[in-house]
Every structure is written in structure tokens, then in C-alpha cells.
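Please read it with the structure in view.

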Amino acid sequence: MARDRRDTYYWRAKDEGFRSRAAYKLFQINEKHNVIKRGDTVVDLGAAPGGWLEVAKKLSGGRIVGVDLKKISPIEGVETIKGDITSDKTIAQIFDMVGKAGADVVICDAAPNLSGNWSLDHARSIDLTTSALECAKKILKPGGNFVVKVFQGDMFKDFLDEVRNNFTFTRSYSPQASRSQSAETYVVGKKFLTAPVRRGDEFDVEIDELGSSGDGAVLIEGFVVFVKNVEIGDRVRIKIKDVKPNFAFADVVSKVDS
Ligand SMILES: C[S@@+](CC[C@H](N)C(=O)[O-])C[C@H]1O[C@@H](n2cnc3c(N)ncnc32)[C@H](O)[C@@H]1O
């Protein structure tokens with residue numbers, strides 16, 4: 001049979017022994033964003049038939065768990081769960097498997113059954129991606145990484161902001177292996193934040209220390225927040241503007257009367 005030159009990745013997957021052409025999307029995402037490292041524990045949501053599981057195993061060599069509504073035929077060194085990633089029961093099963101140690105990386109290539117109706121497919125995709133993010137928040141180690149497929153549409157920006165609130169670094173990225181006419185893109189979140197503060201949060205604080213750069217430094221639930229243009233003794237309302245894994249930056253919103 002003549003090879004269809006429009007679908008190089010399909011044939012490459014056949015030649016190189018991967019279960020799906022999607023395998024190359026994960027290779028390309030990883031090449032660009034370095035989400036999976038040697039030894040990582042990786043959880044793959046919506047993993048059948050298993051191309052991403054094969055790639056994750058190759059990149060990490062560590063513990064790999066795949067979850068799908070469909071049965072995933074066995075891959076050496078990969079554990080699987082048959083279940084719905086939007087159900088609490090499946091999330092509890094995943095948590096039981098990796099809970100104590102946690103996962104270094106959660107990846108999700110899950111796709112709803114497409115109806116052809118753009119806004120319905122977008123809404124279903126956002127449902128799946130939101131479940132994937134909730135699962136990631138439960139099982140990721142602090143500093144862990146997240147990749148999720150999203151069909152673009154009007155709820156995309158809110159979803160991106162939600163990821164941004166939970167990770168130090170957030171980008172959307174469309175690998176070359178995605179078909180050019182596809183609405184899909186991938187959202188990458190790196191360095192999962194477990195800080196007790198989030199961008200946009202406001203607090204009333206009293207500045208009782210200055211950091212080495214001269215910025216004010218306050219502790220919120222044991223977490224250091226740096227505040228610009230303040231003096232020791234100032235009582236101010238601050239708004240968190242950027243959160244890093246071990247500290248945050250805030251601006252003064254107003255003075256607080258004593
Ligand atoms: C595009 S395929 C994933 C391909 C896979 N990354 C690979 O490389 O072989 C999408 C998968 O998402 C799964 N899926 C969709 N909704 C799901 C859900 N609610 N729970 C679990 N899996 C789901 C589908 O069964 C399907 O196997």
C-alpha cells in the first residue's frame with residue numbers, strides 16, 4: 001500500500017513500534033518543555049491505547065501509571081487502571097497507587113467523543129481538563145509538572161489562568177505532530193505550587209523585617225512574602241502579584257489605619 005505522505009507520524013509510529021502517532025506529540029512537548037526527567041513517577045490520564053505510556057516509560061524509566069475508560073493492553077513496567085478520570089472513585093484509586101510518594105508528573109491526552117459541534121466539544125474538553133487538573137492537584141509532589149490537552153474555545157483562557165494559579169510556569173504549546181486543522185493545544189504547568197497564598201489574594205500585614213534587597217518581608221502561614229516600598233512598622237493591605245515555590249511578591253494596595 002502506498003504511504004500517505006500527509007501523515008508521516010502515523011507511519012513513523014508503525015515503523016518505530018509505538019502504539020499511536022500521539023507518541024510524537026509527547027516527545028515534542030518534552031523536547032520543548034522538559035517535563036519528564038529520568039526516574040520520574042508519571043501518571044497518564046486518558047492513556048489508551050498507550051503511546052504516551054511507552055514514551056513516558058522511555059523518558060523516565062521510573063514508575064508509570066496509565067488510566068483510561070478503555071482497557072490498556074499490557075506494557076512492561078507500566079501499571080494501569082480502567083476508570084473514568086472525572087469520577088472520585090478513579091481519583092481515589094490513583095491516589096492509593098501513588099498517594100504517599102506522589103507523582104512527579106501528571107500528563108493527560110484525554111479527549112471527549114467528538115460531536116462535531118465546536119462549542120459542545122470545547123465544553124466537554126474543559127470538563128475533562130478540569131478533572132485532570134483536580135487530580136494533578138491531589139497527587140503531584142510539590143514542584144511537580146503537568147501537561148494537558150485542551151480543545152480551544154471561549155473557556156480556554158479561564159482554564160489557562162487556573163493552571164497559572166497552581167504552577168510557577170505555564171504555557172500553551174502546539175506540537176508539530178498535532179494535525180494542523182486540529183483545535184487541540186497542550187497546556188504545560190511546571191513546578192506545582194503548594195504555597196498557602198495565590199496570585200490576587202489580599203492580606204493586612206505589619207512589616208516587621210526587611211529582606212537583603214531592602215524589600216519588606218512578612219510571613220503568611222510560615223511562607224515568606226516580599227513587599228516593595230515599605231518601611232519597618234508600616235501596616236498595609238497587600239495584594240499577591242507573583243508566587244514562586246518558596247516565596248511570593250506582593251504590592252501595597254493601601255495603608256491600614258492603626
Ligand atoms: C487521544 S486518546 C489518548 C491517546 C494516548 N495519549 C496515546 O498516546 O495512545 C484519548 C483517550 O482518552 C480517553 N478518555 C476520554 N474520556 C475519558 C475519561 N473520562 N476517563 C478516562 N479516559 C478517558 C479515551 O478513552 C481515549 O482512549
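Which element gives the largest share of the lining of the second largest pocket? That element is α5, with 3 residues. Helices (H or I, at least four residues) and strands (E, at least two) are DSSP runs, numbered from the N terminus.

The model is predicted, so local features need pLDDT of at least 70 and side-chain atom pairs count only at pLDDT 80 or more, while totals for chains, interfaces and linings use all residues. Residues are numbered from 1 along each chain as its sequence is written, and side-chain values use heavy atoms, with hydrogens and water left out.

The lining of the second largest pocket includes Leu114, Trp118, His122 and Phe151. In the largest pocket, Gly46, Asp68, Asp109, Ala110 and Ala111 are the lining residues nearest the centre, out of 32. There too α5 gives the largest share, 3 residues. By class, the two linings are made up as follows.

A pocket is an open set of points on a 1 Å grid over the protein atoms alone, where a 1.4 Å probe fits, with protein on both sides within 12 Å along at least five of seven lines; lining residues have an atom within 4 Å of a point.

One of its nitrogen atoms is 2.8 Å from an N or O atom in the side chain of Asp109, and a nitrogen atom is 2.9 Å from a polar backbone atom of Ile85.

Terms used
A polar contact is a pair of N or O atoms within 3.5 Å; within protein, one must be able to donate a hydrogen and the other to accept it, and residues adjacent in sequence count only if both atoms are side-chain atoms.
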